[in-house]
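Here is a short tour of one protein chain. Keep the sequence and the 3D view side by side as you read.

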Amino acid sequence: MEYETTIRVRYKETDQMGVVYYGNYFTWFEVGRNEFFRELGFPCGELEEKGVLLPVIETGCKYIDSAKFDDEVIIKTKLSGLKGVRLKLDYKIFRKSDNTLLVEGFTKHAFVDKELKPINFRRRFKDEWRVLEEVLEKGE
């Protein structure tokens, strides 16, 4: 299961060459991640209120083509790993007008408390864990 979010490239996200600055794709991964969790019914803000943080512990990105100012881009987010105190999300970003794949990437996260200590999300949030497991199963 992939979750889609569409955004439009803002001028400030581009560099002197008129293309999206490479670091902005990581910001767009975050947009996709937040919308992914919102779609599942437990937005990141609510998780934080419950004492759960999801810091990035690893990331990667492969640049294939460039987005430019005013392009609409589609961020496709997919849960690809869930084990112990970690989860992995994969991302694909496409230019909407011609469906060109621009970027492929991933982020890995840990479930931690406000002191940044790992927490057993599966035990503390059984319903949410079950939803994540179902999403993972549907995506494979």
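## A first residue

Thr5 sits in strand E1. Strands (E, at least two residues) and helices (H or I, at least four) are DSSP runs, numbered from the N terminus. Thr5 has a relative accessible area of 12%, so the residue is buried. Here buried means under 20% relative accessible area, exposed means over 50%, and partly exposed lies in between, with a 1.4 Å probe and protein chains only.

Which residues are in contact with Thr5, leaving aside its neighbours within four places in sequence? They are Val31, Gly32, Glu35, Val73, Ile74 and Ile75. Contact means heavy atoms within 4.5 Å.

## About the model

This is a predicted model: local features need pLDDT of at least 70, and side-chain atom pairs count only at pLDDT 80 or more, while totals for chains, interfaces and linings use all residues. Residues are numbered from 1 along each chain as its sequence is written, and side-chain values use heavy atoms, with hydrogens and water left out.

## The whole chain

The protein has four helices and five strands. From the N terminus on, their order is β-α-α-β-β-β-β-α-α. The C-alpha atoms fill a box of roughly 50 × 30 × 20 Å along the principal axes.

Of the 140 residues, 43% are buried. Now take the contacts with a separation of 6 or more: 66% of them join residues 24 or more positions apart. The protein exposes about 8200 Å², and carbon and sulfur atoms supply 46% of that area. Accessible areas come from the Shrake-Rupley method with a 1.4 Å probe; for residues, only the protein chains shown count as cover.

There are 25 positive and 26 negative side chains. The centres of the two sets lie 4 Å apart. Lys and Arg count as positive, Asp and Glu as negative; His and the chain ends are not counted. Each charge is placed at NZ of Lys, CZ of Arg, CG of Asp or CD of Glu.

## Another residue of strand E1

Tyr3 is also found in strand E1, which covers residues 3-8. Its relative accessible area is 14%, so Tyr3 is buried. Beyond residues up to four places away in sequence, Tyr3 touches Phe36, Glu39, Leu40, Ile75, Lys76, Thr77 and Val135. Tyr3 and Lys108 are 105 residues apart in sequence, and their C-alpha atoms are 17 Å apart.

## Helix H1

Helix H1 spans residues 24-40 and has 17 residues. From first C-alpha to last it reaches 25 Å, close to the expected 24 Å. The expected span is 1.5 Å times one less than the number of residues. The buried residues of H1 include Asn24, Tyr25, Trp28, Phe29, Gly32 and Phe36. In an α-helix there are 3.6 residues a turn, so residues three or four places apart point the same way.

Among the residues it touches are Gly60, Cys61, Tyr91, Ile93 and Val103. Phe29 and Lys92 are 63 residues apart along the chain, yet their C-alpha atoms are separated by 8.9 Å. Glu30 also lies in H1. Glu30 is partly exposed, with a relative accessible area of 40%. Its C-alpha is 10.0 Å from that of Val56.

Lys108 lies in strand E5. At 28% relative accessibility, Lys108 is partly exposed. Its contacts include Pro55, Val56, Ile57 and Leu87.

Most residues other than glycine have a negative phi. Asn99 has a positive phi, near 60°. This residue lies in the loop between strand E4 (86-95) and strand E5 (100-110). Leu116 has a positive phi of about 65°. Leu116 lies in the loop between E5 and helix H3 (121-124). With 58% relative accessibility, Leu116 counts as exposed. Just after H1, Gly41 takes a positive phi of about 100°.
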